[in-house]
Amino acid sequence: PQIRLTNVVNPNWNWYVMLYQPNAAQQGTWNASGDDFARSNIPQVAAELTWLTDRCGHIGKDRLYLAISGMVGREKVKYASPTSPGRWSDDGVNAWATALKGFIPIVPERKGNKSMSLFLKGQFLYGQNWRVFNTANADSAAYNQDLSAGTSYVAPTAFAWYAQVGFYLTGRLWANLYYSDMKNNLSYRYLWNVGNSSAIRTFRQWSANLMFDVNPAIRAGLQFSHIDTGYAGYGTSNADPCITTGVLGRSGALNTVRFAAWYFF
């Protein structure tokens, strides 16, 4: 849920600011077992400023644009006392991020014909505690401090970026190539904690697809993706993490092929 104010200053400039709740579906429960914790329903604030122009042409409805955006918020994290069973405390954790994104029509369409058009699209994101964590990430990848200490929770900084190149072979058939990369800057102390070995440290993916507009209402696509995931992976009870390979593998790979179809009402 969100409350959003959008202002179109002129055809080239617009901005918005919004108040939103990013993780209501991932709230979790306040129970009395172990070091369980839950996020509070504290809303966050986000804003974006966008510049657009058609001086470089366009491809369909897309034209040259650049945007800068950001978000800021604070969460309350509940934890069980490591020394007094059944007693609970909470701690505040900052969340913030900034992002740059854009679209460049390198070879724009000509007189309504997209054939041989070429574009570049991408985004860079850097921040702290900015993901909508699912249960696995929230419990095992969110904080650099040892949860059993129950004193200070510090979310790691993280960065992510992606780039996309798209090329129209005809007005209705086009191909795309994507590459994306994400990294959580987990602390050394966090990495060798045996309970954190499955936490995601890096995530890289590249994809290639072919898209076809059968008609204005139906679109079909075929895509191949390769994903590499790196884990904290030291996961050892040994006091020196440098002399072990960990209880889990340090990385894993996945290849997928997907077919999709869309119907536009």
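Author: Let us start with a word we will need: two residues are in contact when they have heavy atoms within 4.5 Å. This is a predicted model, where local features need pLDDT of at least 70 and side-chain atom pairs count only at pLDDT 80 or more, while totals for chains, interfaces and linings use all residues. Residues are numbered from 1 along each chain as its sequence is written, and side-chain values use heavy atoms, leaving out hydrogens and water.

Reader: Which residues is His 226 in contact with, leaving aside its neighbours within four places in sequence?

Author: They are Arg 204, Gln 205, Trp 206, Ala 253, Leu 254 and Asn 255.

Reader: And which side chains make a polar contact with the side chain of His 226?

Author: A polar contact is a pair of N or O atoms within 3.5 Å; within protein, one must be able to donate a hydrogen and the other to accept it, and residues adjacent in sequence count only if both atoms are side-chain atoms. Here the side chain of His 226 has such a contact with that of Asp 228 at 2.9 Å, and another with that of Asn 255 at 2.5 Å.

Reader: Where is the place of His 226?

Author: Strands are DSSP runs of E with at least two residues, helices are runs of H or I with at least four, and both are numbered from the N terminus. His 226 lies in strand E10, residues 218–231.

Reader: How many bridges join E9 to E10?

Author: Two strands pair if DSSP finds at least two bridges between them. E9 and E10 run antiparallel and are joined by 14 bridges. They form a hairpin with two residues between them, and Asp 213 has Arg 219 in E10 as its bridge partner. On E9 there is also a link to E8: 11 bridges join these antiparallel strands.

Reader: How many aromatic pairs does the structure hold?

Author: Rings of Phe, Tyr and Trp (its six-membered ring) pair if their centres lie within 6.5 Å; planes under 30 degrees apart count as stacked, over 60 as edge-to-face and the rest as tilted. The structure holds six such pairs. In one of them, the rings of Trp 161 and Tyr 179 have centres 5.3 Å apart and planes at 50 degrees, so the pair is tilted. Trp 161 belongs to strand E7 and Tyr 179 to strand E8, 18 residues apart.
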